[in-house]
Amino acid sequence: MVGNVPVGGDAPITVQTMTNTPTSDARATIDQIRRCEEAGADLIRVSCPDVESTAAFREIARAAQVPLIADIHFHYKRALEAADAGAACLRINPGNIGSDERVAEVVRAAKANGCAIRIGVNAGSLERDLLEKYGEPCPEALVESALDHIKLLQDHDFHEYKVAVKASDVFLAVAAYQGLADAVDCPLHLGITEAGGLIGGTVKSAIGIGNLLWAGIGDTLRVSLSAEPEEEVRVGFEILKGLGLRTRGVRVVSCPSCARQGFDVIRTVEALEARLSHIKTPLSLSVLGCVVNGPGEARETDIGITGGGNGKHMVYLSGVTDHHVQSADMLDHIVALVEAKAAEIEAAEAGQAQAAE
């Protein structure tokens with residue numbers, strides 16, 4: 001458990017991100033956390049590099065609506081402070097915070113405060129002895145590092161942990177996670193670290209994380225992008241939606257457009273994605289520019305629109321042709337239909353929940 005969020009077993013795969021504001025600036029950090037929560041983040045990591053950060057962490061944790069993970073490097077006292085300040089999880093490497101007694105102190109603080117621990121192994125910061133042993137970062141080195149850190153926690157009778165073996169190289173990361181999954185039975189946190197910008201990093205993350213999830217490996221994930229943290233959350237959910245593992249919000253099926261299109265598909269999809277980002281209820285929307293594939297795709301979605309001639313387009317509801325809409329009214333009309341459908345689904349689910357009680 002990370003706070004009130006289960007990780008591992010049959011629990012849904014959780015989506016994480018990390019703030020990039022100075023943690024000492026509680027207001028800015030809380031504002032960023034709020035945006036990430038709106039995007040659907042299940043867990044949010046906050047870096048605690050200094051005492052000013054852990055001092056602000058208490059206020060930040062009280063304001064957050066999702067559990068917070070305190071990111072700790074080297075300074076074990078920051079872990080003690082963060083645990084006392086309301087962290088639901090500590091991200092540490094037990095081997096780089098000092099002596100066995102320091103590890104014991106961190107474990108005691110974690111136990112006393114109900115904190116989980118995330119062991120974070122990274123190809124860019126492997127221990128010197130492992131680099132000397134293997135010559136370079138490799139899957140075997142990452143797995144050995146993870147097992148060494150796990151043993152440190154187990155030796156102190158601590159078992160509420162999850163583990164990551166991240167690398168910026170997709171092949172290295174995937175092979176390391178595969179090796180770790182064979183070696184241990186604990187929740188695994190997935191990520192391709194330092195993946196790059198929004199487009200390049202999304203592609204690398206989708207390939208690496210997607211491969212692992214498809215193989216049944218992974219319980220929680222973070223898409224590491226040089227982009228705003230809420231974008232990491234959106235990409236994470238898109239990866240899960242693409243694999244049918246989680247659904248949140250509107251799943252858009254749309255064509256790349258061509259000369260047959262009856263309306264500007266690209267601009268329409270951009271506008272719809274922006275205007276429907278507030279919808280959390282899972283439902284599907286198809287936006288196809290012409291009648292070649294439009295009717296077929298619409299049959300499989302909750303709401304669909306297919307481009308027609310003279311600015312007159314066909315709207316489908318629950319896969320059935322229903323009515324036409326003019327180009328000038330199309331955006332507002334589709335948004336209204338999606339919002340109404342989401343409300344209908346929510347009302348039906350609320351009714352079922354009441355009946356079950």
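## Surface patch

A residue counts as partly exposed when its relative accessible area lies between the buried limit, under 20%, and the exposed limit, over 50%. Leu 198 has 38% relative accessibility, so it is partly exposed. This is a predicted model.

Leu 198 belongs to helix 8, which covers residues 198–214. Together with Ile 199, Val 203 and Ile 207, Leu 198 forms a nonpolar patch on the surface. The accessible area of the four together is about 380 Å².

## Overall build

The protein chain holds twelve helices and 13 strands. Its C-alpha trace spans about 75 × 45 × 40 Å along the principal axes. The chain has 357 residues, and 51% of them are buried.

Val 253 sits in strand 9. Its relative accessible area is 18%, under the 20% limit, so Val 253 is buried. Val 253 and Gln 65 are 188 residues apart along the chain, and 31 Å separates their C-alpha atoms.

## Largest pocket

The largest pocket has a volume of about 610 Å³. It is lined by 21 residues, and those closest to its centre are Arg 234, Glu 238, Lys 241, Val 250 and Glu 273. By type, the lining comprises eight nonpolar, five polar and eight charged residues.

Four elements each give at least two residues to this lining: helix 1 (26–39), helix 9 (229–242), strand 9 (250–254) and helix 10 (265–275). Helix 9 provides the largest share, with five residues.

## Second largest pocket

Eleven of the lining residues are nonpolar, four are polar and three are charged.

## Salt bridges within helices

The model has 16 salt bridges. One of them joins the side chains of Glu 37 and Arg 34, at 2.7 Å from N to O. Both residues are in helix 1, three residues apart, so about one helical turn separates them. Glu 37 is buried at 11% relative accessibility. Arg 34 is partly exposed at 29%.

Glu 231 has 28% relative accessibility and is partly exposed. Arg 234 is partly exposed as well, at 37%. Arg 234 is also one of the residues closest to the centre of the largest pocket.

The side chains of Asp 42 and Arg 246 form a salt bridge of 2.7 Å, N to O. Asp 42 lies in the loop between helix 1 and strand 2 (43–47), and Arg 246 in the loop between helix 9 and strand 9, so the pair ties together parts that are 204 residues apart in sequence. Asp 42 has a relative accessible area of 16%, so it is buried. Arg 246 is buried too, at 19% relative accessibility.

Salt bridges also link Arg 45, Asp 71 and Arg 91 in a network.

Notes. Residues numbered from 1 in each chain as written. Predicted model: local features only at pLDDT ≥ 70, side-chain atom pairs only at ≥ 80, totals over all residues. Heavy atoms only, no water. Patch = residues over 30% accessible without salt bridge, like charges linked within 9 Å, V, L, I, M, F, W, Y side chains within 5 Å. Areas by Shrake-Rupley, 256 points an atom, 1.4 Å probe, with all protein chains shown as cover. Buried < 20%, exposed > 50% of the residue type's maximum accessible area, 1.4 Å probe, protein only. 1 Å grid on protein atoms, 1.4 Å probe; cavity = no way out; pocket = protein on both sides within 12 Å on 5 of 7 lines; lining within 4 Å. Points joined across faces, edges and corners; volume = space filled by probe spheres on them. Nonpolar A, V, L, I, M, F, W, Y, C, P; charged D, E, K, R; others polar.
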